[in-house]
Amino acid sequence: MYNALVLLFGVFITSWSSILIRWIGNVHPLIIAFYRLFFSTMIILPFVLLRKKKQTFPQKDTKNVYFILLAGLFLALHFFSWIKSLQLTTVGHSIFLESTHPVFALILSYFVLKERSSLLTISGIALALLGMYVIVSENQTGLVSASLTGDLLAIFSAFCLAAYLLIARMFTQKIALLPYLLRVYGTAAFITLLFIFILRLHPLQLSAKSWLFLILLALGPNLIGHSLLNWASRKMPVYLVNLAMQGEAVLATFYAFLLLDEHPGGHFYAGAILILFAVSFIFFQREKPEIKEKTII
């Protein structure tokens, strides 16, 4: 019961990400992503330095360094594309499309880890893809419409998140959680800062309101929310954590309705139901190895 309450509280905290990003105002998504990652890195750093037993990668294993760089790149791309999508489309569209990352995780697992999927799992993926199409089709009034671009960016952010989590899974037994997060957050922050300099943006010219909500975003959804979800992942079956995370999309859409006066269209509800059902079905199905089916890929 205690673990479940911690998990639900973590989902509640992370569900405020999209609202806080909207409240930050008209700030470039690279700047928002940078400060979200930078503040998180600075807060984690003292805890890692105070650890008596330092856990690091093997000194001569440069392959691990490349994977950390790749994880940081995918995390930076995820934050940038998702934040930009929130600035172009509704919170409901953005967060429900972004919540399809488990579907992309299954696809990447097949190509990267050679994990085979059953017929029922493939059916769940197809259902989720149909849900994505139903939501995106609502904004297909023109190929250059801002809303359609926002929807496509949300889907791209889901792919990047799946790739990032896939790399994290590969390192679960190689390094402790906080040292790993420090490296990845720091790398992602450096990548976003590099693009900020290339584009000649001005990361310090922000209003007091923007600074406030940037700090709340880093402290709340990033540190407290994601830390609780990571803690829950070590105490509970991972599929339950992922299923609970789908509640973030529902809560965020509800907040947007109350606080931002965003009313999703009819296509959204149909697509959202398909996505929630498909992701839930996939995770429940993957927890039932005793059901023997014909493997098709």
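Which backbone nitrogen lies 3.5 Å from a polar atom of the side chain of T41? That of G186. Keep in mind, as you go through the points below, that this is a predicted model.

1. Start with T41, which sits in helix 3, the stretch covering residues 29-49. T41 counts as buried because its relative accessible area is 8%, and the cut-off for buried is under 20%. Setting aside neighbours within four places in sequence, T41 is in contact with L182, Y185 and G186. For G186 there is also the distance from the opening question: 3.5 Å from its backbone nitrogen to a polar atom of the T41 side chain.

2. **Helix 5.** Have a look at residues 91-98, which make up helix 5. This helix is mostly covered, with eight of its eight residues buried. Going along it, the buried residues are V91, G92, H93, S94, I95, F96, L97 and E98.

3. On spacing in general, an α-helix has 3.6 residues a turn, so residues three or four places apart point the same way.

4. **R200.** Next comes a backbone check. R200 is not a glycine, but has a positive phi of about 60°. Most residues other than glycine have a negative phi. R200 is placed in the loop between helix 9 (177-198) and helix 10 (208-235). With a relative accessible area of 73%, R200 is exposed.

5. **D261.** Here's another one for the backbone list. Phi of D261 is positive, near 60°, and this residue is not a glycine either. You'll find D261 in the loop between helix 11 (238-259) and helix 12 (266-286). Is D261 buried or exposed? Exposed, since its relative accessibility is 55%.

Definitions and conventions:
Residues numbered from 1 in each chain as written. Predicted model: local features only at pLDDT ≥ 70, side-chain atom pairs only at ≥ 80, totals over all residues. Heavy atoms only, no water. Buried < 20%, exposed > 50% of the residue type's maximum accessible area, 1.4 Å probe, protein only. Helix = DSSP H or I, 4+ residues; strand = E, 2+ residues; numbered from the N terminus. Contact = heavy atoms within 4.5 Å. Polar contact = N/O pair within 3.5 Å; in protein donor to acceptor, adjacent residues only side chain to side chain.
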